[in-house]
Amino acid sequence: MNLTTVRTRFAPSPTGFMHVGNLRTALYEYLIAKSAGGSFVLRIEDTDQDRLVDGAIDIIYRTLRQVGLVHDEGPDIGGPYGPYVQSQRLALYQSFAQELVQRGHAYFCFCSRERLESLKNQAENSGFSGYDRHCRNLPAEELERLLASGIPYVVRQKMPLTGSTTFTDAVFGSITVENNELEDQVLLKSDGFPTYNFANVVDDHTMAITHVVRGSEYLSSVPKYNLLYEAFGWEIPTYVHLPLIVGQDGRKLSKRHGSTSFDDLVAEGYLPEAIINYIAMLGWCPADNREIFSLSELCRNFDITGISKSPSVFDYDKLSWFNAEYLRRMQPADFLELIRPHLDPAFGEMKYDGPLLAELLQPRLTKLNQIGEMVGFLTVRQAYDPALFTNKKSKSTPELAMSVLPQAIETLSHLPDWNRTSIHDALMTVAEQLDLKTGQVMWPVRIAASGQAVTPGGAVEILVILGKAESLERLGIGLDLLANP
């Protein structure tokens with residue numbers, strides 16, 4: 001095995017949607033590999049057959065494709081270390097488990113489910129937890145009898161009972177664990193499937209993985225892995241454990257904090273590239289404190305030394321800031337194409353000025369799912385309180401609006417061309433005629449045309465989008481509302 005080439009693996013279980021924590025792990029594994037010119041491997045861990053979800057593998061492929069994490073080897077494209085699905089590697093695990101037994105580092109355990117359940121119940125009363133190693137030193141004759149009887153068995157790892165195990169993590173440094181704290185974990189289940197821990201070690205070695213990247217919640221399992229590596233005489237990979245992702249309340253990120261899966265975030269209107277950029281910052285800080293990175297820039301700048309030990313807080317406001325930055329940096333034509341699938345259902349059969357709407361929305365939009373609400377007033381007339389005609393900044397009042405709207409309707413109705421320039425000039429004429437400031441004219445027109453105080457764009461843009469007939473009708477309705485509040 002050549003460990004000079006960096007090789008990382010993303011090994012998700014197909015049990016549902018891609019959550020933020022899984023996606024960050026995949027991203028860091030990808031960046032560690034690509035920043036060193038190495039390989040990024042996709043492996044499907046389906047040893048827990050009871051938790052498999054139909055379609056979950058397709059979700060994994062689709063998510064990685066959407067965010068640009070292209071794997072170099074995997075179940076769909078193959079590679080020199082396949083197969084890349086654990087359920088297709090059962091004979092390999094069984095062979096290595098038998099080898100461990102022969103070497104004296106593992107043993108057959110014939111304890112029934114009932115006995116193990118009894119031990120668990122006793123533990124609640126005695127304070128002792130874990131397996132009591134009942135089958136660890138069975139006499140040879142008894143072992144042969146049990147094997148011949150056909151009684152189901154598992155293979156357990158034979159942990160050292162004294163001493164300690166020390167390992168080094170690239171993020172958390174040197175950690176020592178007393179061996180007497182380690183349970184004789186199951187390596188191979190009675191159905192022939194490996195446990196998560198055993199399959200990981202076998203696969204990582206046989207696939208030449210050099211850097212094992214995962215969440216810090218797995219730190220306590222590392223001594224078990226290292227004892228397996230040592231039992232086989234295999235080289236131990238570099239461990240990179242990532243800080244926990246928590247909500248604003250300091251608790252591990254979960255559904256109670258809001259959307260935590262990639263698909264949910266996209267459905268809320270976040271861009272995949274903004275999500276991946278933000279997730280890169282959850283636990284990693286570049287030397288120059290820069291925040292906006294494309295994926296290729298992340299590959300060039302990522303360094304393990306920048307990973308923090310401290311938990312990272314998932315801040316939806318910060319994610320929204322990232323998203324807004326990405327939206328504002330888009331080319332106008334690209335932005336329009338991005339928002340068309342949201343504009344079309346909002347306007348239905350109505351025609352709309354796409355380029356103008358894109359111009360108005362781009363500097364104001366935070367998430368794509370805001371579009372329907374932001375343009376809703378253009379398609380449906382809003383019921384509103386005439387108090388909206390009051391605005392301290394523009395010194396507008398309902399009484400002033402009563403004098404502005406008739407003059408605006410009269411002037412605008414005679415316009416032969418309906419565009420931004422002609423409408424703007426017409427309203428400036430109204431201001432001159434009434435000896436008013438610009439805002440004292442624009443505010444009443446804007447309220448009457450939109451029925452709301454906050455709009456993307458001002459009075460002129462709203463009138464352009466509404467068209468002449470609809471604009472004049474709305475201004476007339478506003479005037480009636482003022483006359484008959």
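Author: Helices H3 and H7 are roughly perpendicular to each other, a label given to angles of 65 to 115 degrees, whereas angles under 35 degrees count as roughly parallel, over 145 as roughly antiparallel and the rest as oblique. The model is a predicted one, in which local features need pLDDT of at least 70 and side-chain atom pairs count only at pLDDT 80 or more, while totals for chains, interfaces and linings use all residues. Residues are numbered from 1 along each chain as its sequence is written, and side-chain values use heavy atoms, with hydrogens and water left out.

The angle between H3 and H7 is about 75°, and their axes lie 10 Å apart. Such axes are lines fitted to C-alpha atoms, for helices over the stretch in contact, and angles run from 0 to 180 degrees between N-to-C directions. Helices (H or I, at least four residues) and strands (E, at least two) are DSSP runs, numbered from the N terminus. On the H3 side the contact (heavy atoms within 4.5 Å) is made by Phe96, Glu99, Leu100 and Arg103, and on the H7 side by Leu228, Ala231 and Phe232. By class, these residues divide into five nonpolar, no polar and two charged. Here Ala, Val, Leu, Ile, Met, Phe, Trp, Tyr, Cys and Pro count as nonpolar, Asp, Glu, Lys and Arg as charged, and the others, Gly among them, as polar.

H7 spans residues 222–232 and is mostly covered, with ten of its eleven residues buried. Buried means under 20% relative accessible area, exposed over 50%, and partly exposed in between (1.4 Å probe, protein chains only). The buried residues of H7 include Pro223, Lys224, Leu227 and Phe232. After H7 comes Gly233, with a positive phi near 80°. As for the other helix, the loop between helix H2 (56–67) and helix H3 (90–103) holds Pro83, which a cis peptide bond with omega of about 0° joins to Gly82.

Pro223 and Leu227 are among the residues in contact with Thr165, as are Ile175, Thr176, Val177 and Asn179, when neighbours within four places in sequence are left aside. Thr165 belongs to strand E5 (residues 164–169) and, at a relative accessible area of 6%, is buried. Its side chain makes a polar contact of 2.6 Å with the side chain of Asn179. A polar contact is a pair of N or O atoms within 3.5 Å; within protein, one must be able to donate a hydrogen and the other to accept it, and residues adjacent in sequence count only if both atoms are side-chain atoms. Asn179 itself sits in the loop between strand E6 (173–178) and strand E7 (186–188), where its relative accessibility of 4% makes it buried. Beyond four places in sequence, Asn179 also touches Pro160, Thr162, Gly163 and Ser164.

Val445, Ala448, Ala449 and Ser450 of H17 meet Arg474, Leu475 and Gly478 of H19. This contact has four nonpolar, two polar and one charged residues.

Leu388 lies between H14 and H15 and is partly exposed, at 25% relative accessible area. The loop between helix H14 (371–379) and helix H15 (398–413) also contains Lys395, whose phi is near 60°, a positive value in a residue other than glycine. At 55% relative accessibility, Lys395 is exposed.
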